[in-house]
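Please keep the sequence and the structure at hand while reading.

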Amino acid sequence: MALSSKTRNMLENLVREGSFKWLLGSRSSFNEEFEEMGRSPSARKNWISELSPIANIVVRRCSKILSVPTTELQESFNAEASHSVKHPSRYARNFLEYCCFKALALSTQVSGHLADKKFRRLTYDMMVAWEAPAADSKPSVDKLDEDISVGIEAFSRIAPAVPVIANVIISENLFEVLTTSTCGRLQFSIYDKYLSGLERAIRKMRTQSDSSLLSVIRSSKGEKILEMEGAVTTQPVLEHVGISTWPGRLTLTDHALYFEALRVVSYDKAKRYDLSDDLKQIVKPELTGPWGTRLFDKAVFYKSISLSEPVVIEFPELKGHTRRDYWLAIIREILYVHRFINKFEIKGVKQDEAVSKAVLGILRLQAIQEISSALPLRYESLLMFNLCDQLPGGDLILETLANMSSLKEIDCYKSQSGSGMYSISALDMVSNLGFVFNTNSNNPNEDGLVVGEITVGEMTSLERAVKESKNDYEKVVVAQQTIDGVKVEGIDTNLAVMKELLFPMMELGKCLHSLVYWEDPLRSLGFCSLLTYIIFRQWLGYTIALMLIFTAIFMVLTRIFSQENPVDEVKVLAPPPMNTVEQLLAVQNAISQAEEFIQDGNVVLLKLRALLLVIFPQASEKFAIALVLVALVFALLPSKYVILFLFLEAFTRYSPPRKASTERWMRRLREWWFSIPAAPVLLEKGR
């Protein structure tokens, strides 16, 4: 399709007048390409009128990689895409994505592509073009002299198309880490450093996996070495088993953890701690110290049913516990990916795909460590299986991922025609990087083709699940901030807060205690007679319903009368400060555990106070509605059936037919509870 004379003149004027001077400097290649397109008749012929100049440049590069004219790419897109994807309002961006996905799928097959500066530039320029794809979208003239940068939406759309760079689940968290010092906009210099770190991490991992270390042990499963620690004397690793402690070398593979105790001049035979089989493993942070004390928070605790006693692996360092946190995260990532595989019974190619996602996550984490060594990192937020374990609805994300692996969503995927509507898969990415998985894919016809996580112009079910989960997570973060604000230090202060919060319950307890112990015989006789009559007439359900309704009415009335006057904070008389001896005693393990227990108790009580006093209406309204619904159940059903139902519910909860649904509903209940904010606390000093 030839250009109109108006469009051709526009292109020539843009080049002649230097309207693209914002692309000079570090991006002078754009200027050269614009000049070339202005002079070349073939380039003019392949100009796509719907695209912006920068998008045309990127599409032109993609066509060179694919050895296909841009007009043919456009014809292929028009033939393959649905009507909604080709809608005029979305056409430019979706066609750009189509060209990018096809070009990236081919480019990533080239060995060492991450080391190629042209490839790095191309992926970044795709993000720049994604932000301004249409012919009527141009960069702001106010930014002519500034460095070009990209936003989170462009990064989250293009970067996951190369799975080693990012994936759908962690892309936003990764972007936040990369833009910590650049006010939420990603610059090419930082992006380039990140990809350089990725390339070095890949070379390191490939070198480790090709080495002879643990070759005999790993040969049975073809394991790949992902990380090693302890070979350098300045960064020792200690293994504690019972009362014995040995220094040694720690190695993590894609299936297990190995520890080789260091003797005089060599290492002992490696101990294997399996992460792939269902052995009820527990991996958590642990405290260590001399003579069994718990002083240093620098260790990882591992326990499974295959071990007679748990193992503690310590990562000594002078300040902080960064090494421990890193190893805890990557060990859990391998553990969680195999739990995912076992839970959904994933086999063959799809199993390799899942493991590939975990491997790529660890590679990304190693690259981020290089460029963000001075910044504290939440390692679990950059590893997808760690993150799914923490996010509200994370189990739904994993369920969606498992369904995608079974190809339920891609019936129309044109695998044989090389369609560019989907991004490439993590397994293809890992294979192209030189890591071959040959243990689960002996029969290539056993499983279907695994495709990427994103598709042109559409939001996949995985992206929808991630979006919903992150929306819920924002509520949890707000609630967590209130919880952090009401936690106070000191065992005596926490006891004072708890005593104040429990004051109504303590008074009620005193009253019940008086009735039970017949301190006032007349009152006790009356209470006993009344309760006996209620139970005999089967009025217990009505009584409970009435109490719940009164509670809901109390909450509604409190909400009505407190709209203009906020509810006062809990006023607690703070105890006098502790002396030195008391502070030293408080450091002891028992006191620490008691303080944590009381803090958690306060959080529960403060959340209940927030619900009852309608401090946070959204949560309280739902709670009040729930109370009314429960009251109706007790009111409409005979109490004997209610009691029978409660018994059956409790007794059969974890039976085989109900185990899966129970775990899901218990998780939903926990997530709802975590999203409830805590009531504020105001500590007043005693006179």
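## Salt bridges

D297 is partly exposed, with a relative accessible area of 28%, whereas R324 is buried at 3%; buried means under 20% relative accessible area, exposed over 50%, and partly exposed in between, with a 1.4 Å probe and protein chains only. The side chains of D297 and R324 meet in a salt bridge of 2.8 Å, N to O, a term that requires a side-chain nitrogen of Lys or Arg within 4 Å of a carboxyl oxygen of Asp or Glu. This pair links strand 9 (residues 296-303), which holds D297, to helix 12, which holds R324, 27 residues apart; helices (H or I, at least four residues) and strands (E, at least two) are DSSP runs numbered from the N terminus.

This is a predicted model, in which local features need pLDDT of at least 70 and side-chain atom pairs count only at pLDDT 80 or more, while totals for chains, interfaces and linings use all residues. Residues are numbered from 1 along each chain as its sequence is written, and side-chain values use heavy atoms, leaving out hydrogens and water.

## A buried network

R667 and D395 form a salt bridge at 3.5 Å, N to O. Because R667 lies in helix 26 (residues 659-674) and D395 in helix 15 (residues 394-405), the pair ties together parts that are 272 residues apart in sequence. Both R667 and D395 are buried, and salt bridges with shared partners join D395, R667, R668 and E671 into one network.
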